[in-house]
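Please look over the sequence and the model shown here before reading the report that follows.

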Amino acid sequence: MQENYFNKELINKIIDLAKQFNVIKLIQFGSSLEHQLDCNDYDFACDGLNDKRFFRFGASLESLLNKQVDLIPMQPRTPFIEYIEENGRVIYDAKNFSWN
């Protein structure tokens, strides 16, 4: 049976990319949490980028993951962002670094 989550090597590459772009927080959410191998795209919420870097980061994620990425900003804070924070998988948090 194949693992349904990013492997540690890929997580480290995502984290390195997030650090390179000075991302504060990156959370994976949506259907790809349960079906990463056969999902149509990856959904991420990102905090700390609100200019051209936001779009460049999204494009870099797509290149790294070789799949479409839907990237949404975490600001302004909305009920949907709160839902993502409660139910998503934190990939990177500069304030509390952990990928689990």
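At what angle do α1 and α2 pack, and how far apart are their axes? The two helices pack at an angle of about 160°, with axes 11 Å apart, where axes are lines fitted to C-alpha atoms, for helices over the stretch in contact, and angles run from 0 to 180 degrees between N-to-C directions. Because angles over 145 degrees count as roughly antiparallel, α1 is roughly antiparallel to α2. On the α1 side the contact (heavy atoms within 4.5 Å) includes Leu10 and Ile14, and on the α2 side it includes Phe57 and Leu61.

This is a predicted model, in which local features need pLDDT of at least 70, side-chain atom pairs count only at pLDDT 80 or more, and totals for chains, interfaces and linings use all residues. Residues are numbered from 1 along each chain as its sequence is written, and side-chain values use heavy atoms, with hydrogens and water left out.

Helices (H or I, at least four residues) and strands (E, at least two) are DSSP runs, numbered from the N terminus, and two strands pair if DSSP finds at least two bridges between them. Four strands form an open sheet of mixed pairing, in the order β3-β2-β1-β4. Its edge strands, β3 (68-73) and β4 (89-93), each pair on one side only, and the twist averages 25° from one strand to the next. Strand β1 (residues 25-29) pairs with β4 in the antiparallel sense over four bridges, and Leu26 stands opposite Tyr92 in β4.

Both helices pack on the sheet, as the table sets out.

| Helix | Strands touched | Direction angle |
|---|---|---|
| α1 (residues 8-20) | β1 and β4 | about 50° with β4 |
| α2 (residues 52-65) | β1, β2 (41-47) and β3 | about 150° with β3 |

Technical notes
Parallel < 35°, antiparallel > 145°, perpendicular 65-115°, else oblique.
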